[in-house]
Number of protein chains: 2
Amino acid sequence: MTKIKEDKFLPPESPEIWFTEKHTNNCGITFKVNKTLYSGRSKYQRIDILETPEFGRVMLLDGLVMLTQKDEFVYHEMITQIPLFTHKNPKSYLVIGGGDGGTVSRVALHPEIEKITEVEIDEDVVNVSKRFFPEIASGYNDRRTKLIIDDGIKFIENSESKYDIVTVDSTDPFGPAEGLFSEKFYNDIYNSLTDTGILTVQSETPFYDIDATKVIYKNLKKSFPIVRVYLAFIPTYPAGVWSFCLASKMYDPLIDFDEKRFSAVSLPLKYYNKQIHKAVFALPSVYNVF
Amino acid sequence: MTKIKEDKFLPPESPEIWFTEKHTNNCGITFKVNKTLYSGRSKYQRIDILETPEFGRVMLLDGLVMLTQKDEFVYHEMITQIPLFTHKNPKSYLVIGGGDGGTVSRVALHPEIEKITEVEIDEDVVNVSKRFFPEIASGYNDRRTKLIIDDGIKFIENSESKYDIVTVDSTDPFGPAEGLFSEKFYNDIYNSLTDTGILTVQSETPFYDIDATKVIYKNLKKSFPIVRVYLAFIPTYPAGVWSFCLASKMYDPLIDFDEKRFSAVSLPLKYYNKQIHKAVFALPSVYNVF
């Protein structure tokens, strides 16, 4: 048999497949895909799980990156640890959305939390996450966690329980999650919080459209006396700069960092630390418009 | 004449052209290009100027994004304002590299600076920047600025002047700029600084390869008693998270913020402010390895 010496006319061993997410009409992120592990359509949205060489496994909802194994810790730590170490004595935590489980898992790190409730509208997201991201979804196995498959808006309207902390871990403010950014919804959450309660929400990137963040801030301000915006580096999200809002009845994250409790525990955190707790509220001047 | 009702077989008015920069072998940024305004090859590198709908004009060196009109202010403010407001009485400033002029222009904002020297190896970059980014390059027109076209490594080896602040505003640590990250070079800069002198350098993204940042830090530490790493959001740079190192003989940016001088001036800064000065040194735990 003759050895083939020139392979220039042979096809490559496998095609190079790249996924591109447009962050605006004019720019986006692009990354190589080894294979698609799962594609499905739930009652609410399309769900895809990709395996990638750069970011590990990636979850897409309606074609947009929701989380990657490489940097999901940033989002999930920042939306939970800031309120958890601002509140002096948190016992009960409600997560609205967050069907991948990353948020619940970071709440479950805290021994002082007695009750974790998650209300997620899309059961398929939970099941897909448990299957493809068992570590990220591990919080669902915690004995304190109760998962309710329901519409968060209706749930909070009718809820008679009070929570110390609520986190709205939603997709973008268009499509299925639109109502999760409204003044009415935030007011209903206010009423479901204890007198010292804290709410955190994701509030989009300020780089491409700071008005989205401003609207969220403004809507929160109608119900809560203290609202603060903070930022984190999330490389696989649009612009790599992501904002969150903390809305609070009494505690101020800039004053009420519970250093004693923080120093007493040793949590496996990769982003959040004592310095980060305050530093993330220092906004670059262009974003300092709240 | 019959009106054409279906244009599905007609070509679009103009083709959609997208530029993609790979940040690693497996991922990158992609953005639309209206047109290429300039392409040339200098003695050292290829220079391209693109006009884009998302980021305005963009300068590429050897195919990599060096600056965009939309977010260049972050890099240029962060590499200059941190040392300028850490030093108590800066009079002379040396920039090595930085041929687009953005760094010199942000130094020239400071009335207390008496002498600005830039040593850039590639005159073509300066001329192209003056032509396509006149505002960013405006610092070259300042009467205090002296531009020297020379190799920064040789310049600093033979320099007999002393500077209060030096900034190395270089491309990545491979190719033409490799020597600008060496222990020897940093030591030569140490010797060209006054007794209270400060050096700042760009030190790559820690997200894809923190070892690059670590090597820079380590090399600086061999000459300087105080070396601190800080971060900024630069959406058009790899991962959107960029690091800088400040190396200092005496002043510590965490202690020696000159609040009085900062409050006395009103500079047109878009990123840097009083809170940012300290907050940028708070590193997320995964990057807190220095």
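In which sense do strand β2 of chain A and β2(B) pair, and over how many bridges? In this predicted model, strand β2 (residues 27-33) of chain A and β2(B) pair in the antiparallel sense over five bridges, where two strands are said to pair if DSSP finds at least two bridges between them. Helices (H or I, at least four residues) and strands (E, at least two) are DSSP runs, numbered from the N terminus. Residues are numbered from 1 along each chain as its sequence is written, and chains are lettered from A and ligands numbered from 1 in the order in which they are written. Because the model is predicted, local features need pLDDT of at least 70 and side-chain atom pairs count only at pLDDT 80 or more, whereas totals for chains, interfaces and linings use all residues.

The confidence of the prediction can be stated for a chain and for the complex. Chain A averages a pLDDT of 95, and 96% of its residues score at least 70, pLDDT being the predictor's confidence in each residue, from 0 to 100. For the complex, the predictor gives an ipTM of 0.94 and a pTM of 0.94.

Within the pairing between the chains, T30(A) stands opposite G28(B) in β2(B), and the bridge partner of C27(A) in β2(B) is F31(B).

Taken as a whole, the interface brings 30 residues of chain B into contact with 30 residues of chain A, two residues being in contact if their C-beta atoms, placed from the backbone, lie within 7 Å. On the side of chain B that touches chain A, the elements that give two or more residues are β1 (17-24), β2 (27-33) and α8 (274-279) of chain B, and the largest share, six residues, comes from β2(B). By class, this side of chain B has 16 nonpolar, eleven polar and three charged residues; here Ala, Val, Leu, Ile, Met, Phe, Trp, Tyr, Cys and Pro count as nonpolar, Asp, Glu, Lys and Arg as charged, and the others, Gly among them, as polar.

In chain A, an open sheet of seven strands has the order β9-β8-β7-β10-β11-β13-β12, with mixed pairing. Its edge strands are β9 (145-149) and β12 (226-233) of chain A, each of which pairs on one side only, and the twist averages 15° from one strand to the next. Strand β7 (residues 92-97) of chain A pairs with strand β10 (residues 163-169) of chain A in the parallel sense over five bridges, and in β10(A) the bridge partner of V95(A) is T167(A). Helix α5 (residues 183-192) of chain A packs on the sheet, where it touches β10 and β11 of chain A, and its direction makes about 145° with that of β11(A); axes are lines fitted to C-alpha atoms, for helices over the stretch in contact, and angles run from 0 to 180 degrees between N-to-C directions.

In chain B, seven strands form an open sheet in the order β9-β8-β7-β10-β11-β13-β12, and the pairing is mixed. The edge strands are β9 (145-149) and β12 (226-233) of chain B, each pairing on one side only. Strand β8 (residues 115-120) of chain B and β9(B) pair in the parallel sense over five bridges, with E118(B) standing opposite L147(B) in β9(B).

D62(A), with a phi of about 50°, is found in the loop between β5 (56-61) and β6 (64-68) of chain A and is partly exposed, with 15 other C-beta atoms within 10 Å. E204(A), with a phi near 70°, is found in the loop between β11 (193-202) and α6 (210-221) of chain A and is buried, with 24 other C-beta atoms within 10 Å. A residue is buried if 20 or more other C-beta atoms lie within 10 Å of its own, exposed if 12 or fewer, and partly exposed in between, with C-beta atoms placed from the backbone.
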